[in-house]
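Subject: Handover of a structure and notes on its contents

Dear colleague,

Please find below the structure that I am handing over to you. My notes on its helices, salt bridges and individual residues follow.

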Amino acid sequence: MKVHITLVGGQPAPVYNGIVATQPDKVVFVYSDESRAVVEKVKAEIHIPVDEQKPLDTTDPIKILERANELASKYKNDEVTLNISSGLKSWTHLFGRVFDAMPNASVVYMDQNNVLWNYRTLEHRDDFVFDMDVLFR
């Protein structure tokens, strides 16, 4: 299964664009209480099964690392992309460390020009078609 784990901050576009670009079978949102509304907006648009998670602490590195390791273990037999285009720097660092070490995972970043960078291969793609109506909603 292709699993897309996406860190969620205040802006829905990098989260949504990363999902569209990677075309996963399942999405996992890593979000805080403050970014829950962004998750709900994106979920309404993607029509892809979601692995429901609880909000994640924004500062406690032990809790952040614990969640990253839980998800890494849960999806160790799947093809995983971790989208670090949104979310907190603390999450990006700790999740990146965990998933970069996994042979079945790639850490990806969608830049402001809608270019998806794969930090494992250092390759990029920009051949996506985004629904502008969805992005404006």
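This is a predicted model, in which local features need pLDDT of at least 70 and side-chain atom pairs count only at pLDDT 80 or more, while totals for chains, interfaces and linings use all residues. Residues are numbered from 1 along each chain as its sequence is written, and side-chain values use heavy atoms, with hydrogens and water left out.

Helix packing

Helices (H or I, at least four residues) and strands (E, at least two) are DSSP runs numbered from the N terminus. Helix H1 covers residues 13-22 and helix H2 covers residues 36-46; they pack at an angle of about 30°, and their axes are 10 Å apart. For these values, axes are lines fitted to C-alpha atoms, for helices over the stretch in contact, and angles run from 0 to 180 degrees between N-to-C directions.

Contact here means heavy atoms within 4.5 Å. By class, 5 nonpolar residues, no polar residues and 1 charged residue make up the contact of H1 with H2. In this scheme Ala, Val, Leu, Ile, Met, Phe, Trp, Tyr, Cys and Pro count as nonpolar, Asp, Glu, Lys and Arg as charged, and the others, Gly among them, as polar.

H1 is largely enclosed by the rest of the structure, because 8 of its 10 residues are buried. Buried stands for under 20% relative accessible area, exposed for over 50%, and partly exposed for what lies in between (1.4 Å probe, protein chains only). The buried residues of H1 are Pro14, Val15, Tyr16, Asn17, Gly18, Ile19, Ala21 and Thr22.

Salt bridges

How many salt bridges does the structure hold? There are 4, a salt bridge being a side-chain nitrogen of Lys or Arg within 4 Å of a carboxyl oxygen of Asp or Glu. One of them joins Arg36 to Asp33, with 2.9 Å between the closest N and O atoms. Arg36 is partly exposed at 36% relative accessible area, whereas Asp33 is exposed at 52%.

Glu40, Lys43 and Glu52 are linked in a network of salt bridges. Within it, Lys43 and Glu40 meet at 3.7 Å, N to O, and both lie in helix H2, 3 residues apart, about one turn of the helix. Lys43 also meets Glu52, at 3.0 Å from N to O. Lys43 is partly exposed at 23% relative accessibility, as is Glu40 at 42%, while Glu52 is exposed at 52%.

Asp78 sits in the loop between helix H3 (61-74) and strand E4 (79-83), and with a relative accessibility of 15% Asp78 is buried. Although 77 residues separate Asp78 from Met1 in sequence, their C-alpha atoms are 5.2 Å apart in space. Residues up to four places away in sequence aside, Asp78 touches Met1, Val3 and Asn104.

Val80 belongs to strand E4 and is buried, at 1% relative accessibility.

Most residues other than glycine have a negative phi. Gln23, which follows H1, has a positive phi near 45°. Gln23 lies in the loop between H1 and strand E2 (26-30), and is exposed at 59% relative accessible area.

Leu122 also has a positive phi, near 60°. Its place is in the loop between strand E6 (116-118) and strand E7 (123-125), and Leu122 is exposed, with a relative accessible area of 64%.

Yours sincerely
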